[in-house]
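Subject: Handing over the model

Dear colleague,

I am passing this structure on to you, and below it you will find my notes. Please read them with the structure open beside you.

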Amino acid sequence: MKLVFTSALALAAATAAHAEGELNIYNWGNYTNPKLIEKFEQEHDVDVTITDFDSNTTALAKIEAGGHGFDIVVPTHSYVQIYVGKDLLMKPGIPEMENYDNISDNWKNVDWDPNREYTVPWQWGTTGVAVNTSAYDGDINTSAIWLDTPEELVGKVNVVPEMQDVMNLAVMYMGGEPCTDDRDLLREVRDKLVEAKSDWMSMDYGMTEKMSNGDVMASVNWNGSTFRARLNNPDVAYGYPKEGYIVWMDNVAILKDAQNVENAKLFMNFIMDPENAALISEFARYANGIDGSEEYMPEEMKSAPEIVVPDELKAAGKFTSSCPKEVQDLYTAIWTDLQK
Amino acid sequence: MALSNSGKNGWLLSIPALILLIFGAAGPLLIVVVYSFLEPGDFSGVIWNFTTEAWFRVFFERDIFDGTVSTADAHLTIFWRSLKLSILTTLATFLIGFPMAWFIATQPPNRRAAWLFLITIPFWTNLLIRTFAILEVIRNQGLLNSFLIWLGVIDAPLQILYTDTAVLIGMAYVYLPLMVLPLFAAIDRFDFKLIEAGYDLYASRWRVLRRIVIPIVRPGIVAGSILVFVPSLGAYVTPRILGGGKNMMLGNFIELQFGQGRNWPLGAALSMLLLVIVLTALLAYVRATSVEDRHNV
């Protein structure tokens, strides 16, 4: 026992000794441009470690459990208030930061973080449909692609297993509002999903690659991922379902128990610099909400149909919040029924 | 010397094992049991109120629309799929593994080591990578389909990926060494003179296999089957990647509760149920073998 204690102490001491000049970031996988990190490390002489997570729930559970050692986390907007409610985030004084003014006006005062007290924008995007137009040349701005699958696409459709997004898309397709507790409508949604499933090929992630190489011909997908797929395969196109699609933003926050607060603040300020924000987008292919970053972006980003929402479809985009527990239970029950 | 010591202070030696058992097995298990009797928290974790709701929901479901209670057939379907695929995986590994083990055991001793070495090589590679390798082989534009199309056997790619067959292929590939090694150990100890004796008494080849070989190497078969069956039942990665996620297995279903489902108590109850199924299967095996032993004696 004693031996265990001594070595634990030694380990703690060792970590503390190296703490200066470190920054631990907890972010979604395949989402952070290595060039961005390199640049930050060189400018500020800081050693950055990035750890991946694959879902908001995983990230939240790990951070709540404590002992994670992360300084920065990047939750989706619907989770920011959950973090705040659990008192997990600090107020780093963002409006006083040098680059604060670069945040686009429409992202400065947002519902999930009024006056940007806790978070700064990382990237924002939409959840819609990706279609390989060589297999189907009809209208793709509709969730009918996967809920009333056209004959050409039967057996070639994928649905990403992102419960919240998929359920809300289906609810909107059936004429409801996200997180609805209207049971009659939810019954229709369930029947629709169960019926539609027989036309699907899979419920899987990794669509950037699978859409690129033609394993999957259509999928519920994120715009940035579809953009990356299109760069590999020009037949891939992105549709904004007119019945309703999902808009989201991932945000950078500093954890209350962060060990490297100063470096974390430096990083926040760093990514609000248009040139650096452009690096974020250049890699993951989502917009970033920082004014002036377009200037530094590759030409194809500025006019990309995956980034520039067509005017007539702007109104169909919905910012969803995380659903209340009762609705969540209904969603899970339907989801289980769907995947049994 | 050693014996007399063990009478007095020998128990001291078991302390490391006891600590490991208490903190590594019994403790966590107790937490799982306790959690399965609590209420789910709003976003994750649990609320410390006692309830049997999670256990109720393992077996029954309230219709989400009219509140009527019925048996949870969604859960049953998932259990049945897991059980079926695990049994099929065990059978498949046995059918492939037995001839393999036999072949290795009948090689000259100096070559056996090399063959066994080859069997263990896949263990050096991460499970995820092995699973993705299988995915590369069976996907529509993958090795197998391209080869068959090139041969002219088929015109359009076979849809193997994202089916139960894909999961079966993946699990059989991944768990095959776990079957071969115990089988080899059993066959290696087998006295081949018994076969000659059988032939001398005019037994057919089939009869020799069934009445002499299989009963004697039975412990190896049982060990191999358990080693394959148990992890198959809780498999997560293989069904997730090769099954396409359309149809869940037990492991994926449990993960759903701890992740997107935000219902840890139900996840905990399902995990306990999985444990009970495995224990029952183990007990059944042990019983079956010990009865057989008594007959043999």
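**One residue as a way in**

Ile254(A) is found in strand S9 (residues 245–254) of chain A, where strands (E, at least two residues) and helices (H or I, at least four residues) are DSSP runs, numbered from the N terminus. Before going on, please keep in mind that this is a predicted model, in which local features need pLDDT of at least 70 and side-chain atom pairs count only at pLDDT 80 or more, while totals for chains, interfaces and linings use all residues. Residues are numbered from 1 along each chain as its sequence is written, and chains are lettered from A and ligands numbered from 1 in the order in which they are written.

Is Ile254(A) buried or exposed? Ile254(A) is buried because 25 other C-beta atoms lie within 10 Å; a residue counts as buried if 20 or more other C-beta atoms lie within 10 Å of its own, as exposed if 12 or fewer do, and as partly exposed in between, with C-beta atoms placed from the backbone. Leaving aside neighbours within four places in sequence, Ile254(A) is in contact with Asp71(A), Ile72(A), Leu89(A), Met90(A), Pro92(A), Val261(A) and Ala264(A), a contact being two residues whose C-beta atoms, placed from the backbone, lie within 7 Å. Ile254(A) and Asp71(A) are 183 residues apart in sequence, yet their C-alpha atoms are 5.8 Å apart in space.

**Chain A as a whole**

Chain A has 13 helices and ten strands, and buried residues make up 50% of its 340 residues. Among the contacts in chain A with a separation of 6 or more, 73% are between residues 24 or more positions apart. The C-alpha trace spans about 65 × 50 × 35 Å along its principal axes. The radius of gyration of chain A is 21 Å, which agrees with the value near 20 Å that a compact globule of 340 residues would have; this radius is taken over C-alpha atoms, and the globule rule is 2.2 Å times the number of residues to the power 0.38.

The domain assignment of chain A gives domain 1 (21–124 + 249–302) and domain 2 (125–247 + 309–339), with bounds that come from an automatic or database domain assignment. The contact between them takes ten residues from domain 1 of chain A and nine residues from domain 2 of chain A. On the side of domain 1 of chain A that touches domain 2 of chain A, H4 and S4 of chain A each supply at least two residues, and H4(A) gives the most, with four residues. By class, that side of domain 1 of chain A has six nonpolar, three polar and one charged residues, where Ala, Val, Leu, Ile, Met, Phe, Trp, Tyr, Cys and Pro count as nonpolar, Asp, Glu, Lys and Arg as charged, and the others, Gly among them, as polar.

In helix H3 (residues 56–65) of chain A, the buried residues are Asn56(A), Thr57(A), Ala59(A), Leu60(A) and Ile63(A). They lie on the same side of H3(A), because they cover an arc of only 160° around the axis, the arc being that of the directions from the helix axis to the C-beta atoms. These buried residues pack against strand S1 (22–28), strand S2 (47–53), strand S3 (72–73) and helix H4 (77–85) of chain A. Just after H3(A), Gly66(A) takes a positive phi of about 80°.

Helix H11 (residues 274–284) of chain A has several buried residues, including Leu279(A), Ile280(A) and Ala284(A). The buried residues of H11(A) pack against helix H2 (34–44), strand S4 (119–132), helix H9 (223–232), helix H10 (261–271) and helix H12 (299–302) of chain A. H11(A) is followed by Arg285(A), whose phi is positive, near 70°.

**Chain B**

The contact between the chains takes 23 residues from chain B and 29 residues from chain A. The side of chain B that touches chain A has seven nonpolar, twelve polar and four charged residues.

In chain B, Pro219(B) is found in helix H11 (residues 205–233), and Pro219(B) counts as partly exposed because it has 15 C-beta neighbours inside 10 Å. The C-alpha atoms of Pro219(B) and Asp155(B), 64 residues apart along the chain, are separated by 46 Å.

With kind regards
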